[in-house]
Amino acid sequence: MDQPGLPSVQGLYDPQYEHDACGVGFVAHIKGKKSHAIVEQGLTILKNLTHRGAVGWDPKLSDGAGCLIQIPDKFLREEMAKRGVKLPPPGQYGVGIVFLPRDPASRLACEYEIERAIKDENQVLLGWRDVPVDNSDLAEPAKNIEPVIRQVFIGRGRGVTVTDALERKLYIIRKSAGHAIQALKLAHGKEFYVPSMSARTLIYKGMLLAHQVGEYYLDLKDPRVESALCLVHQRFSTNTFPSWDLAHPFRLICHNGEINTVRGNVNWIRARQGAISSPILGKDLEKIWPLIYDGQSDSASFDNALELLVMGGYSVAHAMMMMIPEAWENHSLMDPARRAFYEYHAAMMEPWDGPASIAFTDGRQIGATLDRNGLRPSRYIVTSDDLVIMGSECGCLPVPEEKIVKKWRLQPGKMFLVDLEKGRIIDDKELKDTLASTRPYAEWIERIRVKLDEVESDKQQPARSSVMLLDRQQAFAYTQEDLKFLMMPMALNGEEPVGSMGNDSPLAVLSNKDKTLYHYFKQLFAQVTNPPIDPIREELVTSLVSFIGPKPNLLGIDEMNPPLRLEVSQPVLDFYEMEKVRHIERYTQGKFAASELDITYPLAWGRQAVEARLASLAAQAEDAVRSGTSIIIISDRKVDKDRVAIPALLALSAIHQHLVNKGLRTSTGLVVETASAREVHHFALLGGYGAEAVHPYLALETLLDLAARGQLGAGVDGKMAIKSFVKAIGKGLKKVMSKMGISTYMSYTGAQIFEAVGLSRALVDRYFTGTASNIGGIGVFEVAEEAIRIHRAAFDEANPVLKAALDAGGEYAWRVRGEEHMWTPDAIAKLQQSARSNTYATYKEFAQIINDQSSRHMTFRGLFEFRFDQCRPVPLEEVEPAAEIVKRFSTGAMSLGSISTEAHTTLAVAMNRIGGKSNTGEGGEDRRRYAPVKAGETLLSRLGAARVAHDVELREGDSLKSKIKQVASGRFGVTAEYLASAEQIQIKMAQGAKPGEGGQLPGRKVSEYIAEIRYATPGVELISPPPHHDIYSIEDLAQLIHDLKNANPQASISVKLVSEVGVGTVAAGVSKAKSDHVTISGHDGGTGASPWSSIKHAGTPWELGLAETQQTLVLNRLRGRIAVQVDGQMKTGRDVVIGAMLGADEFGFATAPLVTAGCIMMRKCHLNTCPVGVATQDPVLRKKFTGKPEYVINYLFFVAEEARELMARLGIRQLNDLIGRADLLDMRKGIGHWKAKGLDFSKIFHQPQMPAEVARYHREQQDHGLEKALDHRLVELARPALERGEKVTIEMPIRNINRTVGTLLSHEIAKRYGHDGLPDDTIHVRFAGSAGQSLGAFLAKGVTLDLIGDTNDYCGKGLSGGRISVQPSPKFKGEPTQNIITGNVVLYGAICGEAYFRGVAGERFAVRNSGAQAVVEGVGDHACEYMTGGTVAVLGMTGRNFAAGMSGGLAYVLDEDGSFPGRCNTAMVALEAVLSEAEQEARLARELWHMGLADEVLVKRLIESHALHTGSMRARQILEKWADFRTKFVKVFPHEYRRALGELAAKSRKIAA
Amino acid sequence: MGKVTGFLEFERLQEASEDKRERIKHYREFIARLNDKQAAIQGARCMDCGTPFCMSGCPVNNIIPDWNDLVYKQNWKAAIETLHSTNNFPEFTGRICPAPCEEACVLRINEDAVGIKSIEHAIIDKAWEEGWVQPRPAARKTGKKVAVVGSGPAGLACAQQLARAGHEVVVFEKNDRIGGLLRYGIPDFKMEKSHIDRRMEQMAAEGISFRTGVRVGNQRPGKGVPDWATGTLAPGKLLAEFGAVVLAGGAEQPRDLPVPGRELDGVHFAMEFLPLQNKRVAGDAGVPDLWATDKHVVVIGGGDTGSDCVGTANRHGAKSVTQFELLPMPPDVERNPVWPYWPTRLRTSSSHEEGARRDWSIATKAFVGGEGNMSGKVTALKAVRLEWKDGKMGEVPGSEFTLPADLVLLAMGFVSPVPSVLEAFSVEKDARGNAKAATDGQGCYATSVPKIFAAGDMRRGQSLVVWAIREGRQCARAVDEFLMGSSELPR
């Protein structure tokens, strides 16, 4: 459905990629007592969450807000009475609130359809009411599209006796009226929208700011408007074209977060249409389709689906459990009945997966649930006067502490329900236990579940093809590299292989080689608006379980005879499993029936046959399903010399889409038996386009062959190889899924999380419906042609190259006859020689190799042509000088760790000399580099001989400091001082080579130097999580930007994104989140280590992402306030000019400067064996480094010079004038290549038609609103301390709207005193109240924040030496160990300092702690995750997955009931007893003591401090009975840390000896 | 890659050679190939570069990292398959190629290059020993006939490729034995001729016919070009009989030194001298006497042919051997300063090691004849030192000197193909007198005359054996394409 406020699809902009996230809250009276106060309180919550929303280019232009209340019967009754309408008793009439077109005729038409629908459904139209509004405060754009808002009153007809039945009728009326109005196709019909139509609830919402809701809707001011609940929502959208209907709440929910799987979910809903029936809705069910219109937001789609379930008879809680199940698959502690409940329902609906906090209500019950990962905050309190207040933040509705009886939070996968009719809170356990026990789900499951691996079979060997293995391998384009780089490592190590540097090979559509169809798809990934997840450390939420075969009736609430389901634990089938599936009828006594579809066809039919074959296959599949086939096997086994296979992905998707459209897809399972699948990307694609399982028979045969020929080494037989391979694929699949934040294969199946690059629109629309493909490309016949070419070559006896061996490949390493690379030996050599000898002519030879793509097509930009014919050249001298242009250049984010000290500093010196910027990369920066270089200094004299293997000459005035300080998910070395030293702070959301993934630096690479600057222990592995744990959504990013701006108000804040479809929208959101700068990276950026499938198959070229970004930002009028940088295989002046034309202000270079400094594209960075000392830490190899800053400078000036020459020819004098001038580009004429012919770059070259005053380049400043910071006051009061080191004490109240407190103050300290800060407790601040997010972020040493009250998320993030203590108000009567006091992701990336919390913390406490010590009286899930140092003591209950990925530091957990081990992830840690000092002395070598102290001493000290700072009773209790309590403490000791301590000791012993 | 850190652990190992005092007593090869274990270790030094410069440095683009790894893993059979996939005659290149691959090796930037050539040598020799080198006749015959004129490395490579593509190939050679410069230009101590015979057998089994002693065209080439033709063949006949003709006759026209005394007896082109010894080693009777024994030998020209003259002269038992080079002495650098390209640097061959005085920047001004019974015979050589400045030479005043010389061998390179061959076919020549043909794109290797192709030195001018093999292979593909419309032959 088109939204009226949204621009239509144009250029690369497509409204379907809009994202939103938000603040959500509700207030409810448990006993159902209605009052106007509740409404007012709801609106107050809304106002206090204002900062979670956003505004567009017009500060009054909101993304939308609204509230949902119960029907205010008294008010409406009186109002309608005035109009002469007498309303029936409550519950016997419904109210619809309707947005109507302003055009009177259209409005009448809409009203008429509603009235008709009421009549058709035999209900009674009672009357209409104009909803009074005051639009005087609305922003102009909102006013321009303001609808006419009316309420319609509907009385119950005959036959409708209960409110539930009326509710269903209202649902049908709304749906059928909506469809009817859609069918009218009125120009203004799009403005029609029904926010709610219910006998119980009423929604007031719109394109309003939080505070405007109560002002705009005059009803809400009326004291007669009473409700026992008020659900509110404030929206933060990535775009600035919000429209009235996009605001929340929806009819049943409001949602904070994102549904990552929405495409698949919507497809699956559609797929069920034919197989769905409802005993309750009966024939009315037919009137609701289509349930979800294309292009609806994820939240709206979710609401539609939930509504269907509720109308179909499920309770809202039950329905929520079906849609957002807990992570039950790997939950060993879950109650079996509940597990059975989830398992039973799993086959009925795949999870709607993604970060989500969803508040829901049907008017009688109100509740909320959280996704399995717990990625959104939801805090609630219960008061003694029966109020429940829930919100994204605590303190959003101030309540006197003495009235609060409980403070808690929603936990991952948990639900919380207030039943207003029953008058009580039903907690998660009771709620779910009740639902789980209403039916004997466990029994049912036992009856209907068939686990494939438990199916008895006669272990039949599959029939082997008689065609030679080599010929078949070639028929599916196997290369030597497939074996060498992918399959063999997987078969040996059970893991996806890793490579390094970026992808410089052509896209499939440009390649002269014949590529498989798989190559044309790029994996999508989560960035900013939703987080990727960690499939390794948070494995407990992931699952590869797949059901093959018919799905049960979604609305079969009392199903008597549910269909059987075939379950596999993971979707890759080996030979025996496949045989079981093939003969499943035999093994299940006919309960399942499989049939096979042969997707090969006679080669002689040629490429033209493919279309008809696909149509026949679809028809055959449909017939098979109709005749009772429960599993369709899509097979290319019959391939031989004369029969060519249709690419399995194409056949699968065609069949899948066909069955979806016929509503038959859930009546059968699809299993793909294909020779083509051999790497993770292939399996991901097959899953993503609908395969429930895949049998890669040829890959498995290949492994058997390799093993038999001894290629896998001694001791590895075929069976082991297959096992490892399947394991590796499974792991890889989890990684691909988790990149997008998807946890289960079931919801990944058919989710189409891909973008096509180089496929024609027609092909995609027909066979991959809904997949983005923005630049056209080959059609279905060319796909067949390519398959046929591959096939012919395979069986061509005359081909001497392929007669005995596979094609060489050349994708992963350069080969003369292999795939092309931009970095050819010649290109590298020319670049190095030109930079070293400062010869422009040689540079031009290099540039020619890169730029001239007339014969070898490599990149899209290579296919662009400048429209010199339309330009009047200017003399070169008039063009902006090169010295100015190079200031727009920066080097890429390469950490010290990925490259050597010598290379890292060389880049920094070079960039500083020319006024560009270098980037620290992830991993901190040596403080020794900050001061300017003095005469006579060299790198060695500055950093010390121990840290430099090859000296680099320096000049007086040089700077070794990187201007760009990166903040990545690992937060290594991100201290207040580090941030204070920045000119730009870059938040790395994604990296071109591996978007959506984390990384790890193995312990052996963590040298003393690296450990020092990363604040880690030498030898301890350092893990960077896939997500930033303080960015799960766009408003979180806004918060982090705010934090960093506070940490350094002079620095600009940058956000680094990777090109993929929709990145423009994300960039718009980033701009709205107040980022000063955004980087769009191409998919081809470099890496020090990344799985090959990520390097090759994730993300898109920057030409696409950058153009989309420019177009979207300009359309949004957001371009002027943000600088746009582009990077990814930037090499020449031509690249720069094209980058500018597509919208870039700045340009990033990484590989090319490294090449000038010696890199020769070994692609061995991950092995630490770089033979030229660039990408290695080995001092022996680093000695070989020969780079010089001059080389880098020479090169960058060449680039600028080349750009100038082009600018002169284009008649452009200033680079600013070039930005966004895509009109000066054209597609190269006469591209003869058969595959590239179908490409159409018009979308890339599109320029949005906007008024001239709308900025096209960066020329404005963001308003960060820093002047409102509480810290200004703190800095003022702390001046004596800052200036003279005098002690000061400050007291002040604090509220949730006071965000990022103490950070600006810390900046002032770091600026003056560096990381050492001030003496302990020099500045002591006492706060009282609920602190906002990020209290004490990057708090410097010398500051103590002492809070009485509670805090929100991210408290103490990046703690840099300060102290935070939080204790509840003495008036609050709750037991601290049972009540929450601080939010999620507390102490994230803390460097050092102390934190004490007298109460329970949320999820992910002390995640990635580097060195802080903390005490807390209870924690949620994933505490101490990725911790690398520091000490944490937990004096209460912990959640699950404690210490996941913890490699350093220690945790002590008080485990009174002995249940802790079950909740701890012991993959990387050992659990040990806390011994008495004497015992420890006897049993554990002193060198393994944490901080050199006995555990007992450490724990006691911590608890004493805790008692001192928070007055904790719990602490006192423990200390008083220390002897008893000591034995109940569990010491969590990371293996890595123990090993590293041992090694360090051994090393120092060696030095001593 | 075999061993990730191999290059850090192992050192480059030169192939062992027989002591120079011993080896000059015979004409056999004196370099022992690496044993299996040594080769494995040398293979382990290869870093399997993501961008293997060796591969682009090598004119036939040998897939060096792959076979290095295979040798490391002792998978010799796969190694020879990989090696043969790009190089028809590794036994030639493994012995006499100057190994531009090693100059391009990434290790060469700051270490000793991987011993690529020695590994190649080991692979192919082992393959022959194990009987892995077998004829690979084409599965299908095309019925097309191709004539290859010239049996040097270019002609042979071209012939073998064409035969494997199913064509009927006849190789024509003016001399009495197949091999071209391999046979008569390169002394046996560098490469024993049995290697050529062995290959010929394989090629014959693949269906190639060899016709020796047949000169195309009726004009004899001039002095300094070995020609033992016993019959001639008219170009027209060739064109009539064959679907395509490949001219691969090499660049045999030697550069002369027209200074006073050039006519004197004892002043010879290298190619008047070297072939004779090869014939003697082959056991031919009636080989003319031209010996260096007990003579003061002066070799003019500092290249490989000159070096071969030095080695042969020493084996003859020359009294002294002196080698002059016009150009200045190149720097004796440890690393390759123009990596990955071919550097100009001082190269000392095994023949030089065996004893020779070398001098650079020398211009020969005249040959001086003797008197009396030495009249008409060269006895000395007058020369002058040169000074090179910005690529221009000038004589150093007062530096003239005279050197006793009983045998002067001119080894100053080859200027072009023998013009008569090209003229016989009326093939257009380029500015340097080579057959004019492109190497890339449509119609590459085709000369101006339809059906006639050219490859190797005949097209590119004097060059390395490995370049000749490359051209022969690429030309074969072009011919195949010409005959069949498309080709599966690798380029």
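**Exercise 1: One residue and its surroundings**

A:Arg270 lies in helix 7 (residues 262-272) of chain A; helices (H or I, at least four residues) and strands (E, at least two) are DSSP runs, numbered from the N terminus. The model is predicted: local features need pLDDT of at least 70 and side-chain atom pairs count only at pLDDT 80 or more, whereas totals for chains, interfaces and linings use all residues. Residues are numbered from 1 along each chain as its sequence is written, chains are lettered from A and ligands numbered from 1 in the order in which they are written, and side-chain values use heavy atoms, with hydrogens and water left out.

Task: Determine which residues A:Arg270 touches, not counting residues up to four places away in sequence.

Solution. 
1. Buried means under 20% relative accessible area, exposed over 50%, and partly exposed in between (1.4 Å probe, protein chains only). A:Arg270 has a relative accessible area of 28% and is therefore partly exposed.
2. Contact means heavy atoms within 4.5 Å. Leaving out residues up to four places away in sequence, A:Arg270 touches A:Val660, A:Asn661 and A:Gly663.
3. The side chains of A:Arg270 and A:Asn661 make a polar contact (2.8 Å). Such a contact is a pair of N or O atoms within 3.5 Å; within protein, one must be able to donate a hydrogen and the other to accept it, and residues adjacent in sequence count only if both atoms are side-chain atoms.
4. A:Arg665 is 395 residues from A:Arg270 along the chain, and their C-alpha atoms are separated by 8.9 Å.

**Exercise 2: A sheet in chain A**

Task: State which strands stand at the edges of the open sheet of four strands in chain A.

Solution. 
1. The order of the strands is 4-5-3-6, with antiparallel pairing; two strands pair if DSSP finds at least two bridges between them.
2. Strand 4 (124-130) and strand 6 (193-198) of chain A each have a single partner strand, so one side of each is left without a neighbour in the sheet. These are the edge strands.
3. Neighbouring strands of this sheet are turned by 20 degrees against each other on average, direction ignored. Axes are lines fitted to C-alpha atoms, for helices over the stretch in contact, and angles run from 0 to 180 degrees between N-to-C directions.
4. Four bridges pair strand 3 (residues 93-100) of chain A with strand 6 of chain A in the antiparallel sense. A:Gly96 has A:Met197 as its bridge partner in strand 6 of chain A.
5. Helix 2 (residues 73-82) of chain A lies across strand 3, strand 4 and strand 5 (148-155) of chain A, at about 90 degrees to strand 4 of chain A.

**Exercise 3: A sheet in chain B**

Task: Give the strand order of the open sheet of five strands in chain B.

Solution. 
1. The order is 3-2-1-6-18, with parallel pairing.
2. Strand 3 (209-212) and strand 18 (452-454) of chain B stand at the edges.
3. Strand 1 (residues 145-149) and strand 2 (residues 168-173) of chain B run parallel and are joined by five bridges. B:Ala147 has B:Val170 as its bridge partner in strand 2 of chain B.

**Exercise 4: The whole of chain A**

Task: State what percentage of the residues of chain A count as buried.

Solution. 
1. Chain A contains 50 helices and 55 strands.
2. Of its 1553 residues, 71% count as buried.
3. The C-alpha trace of chain A spans about 95 × 90 × 75 Å along its principal axes.
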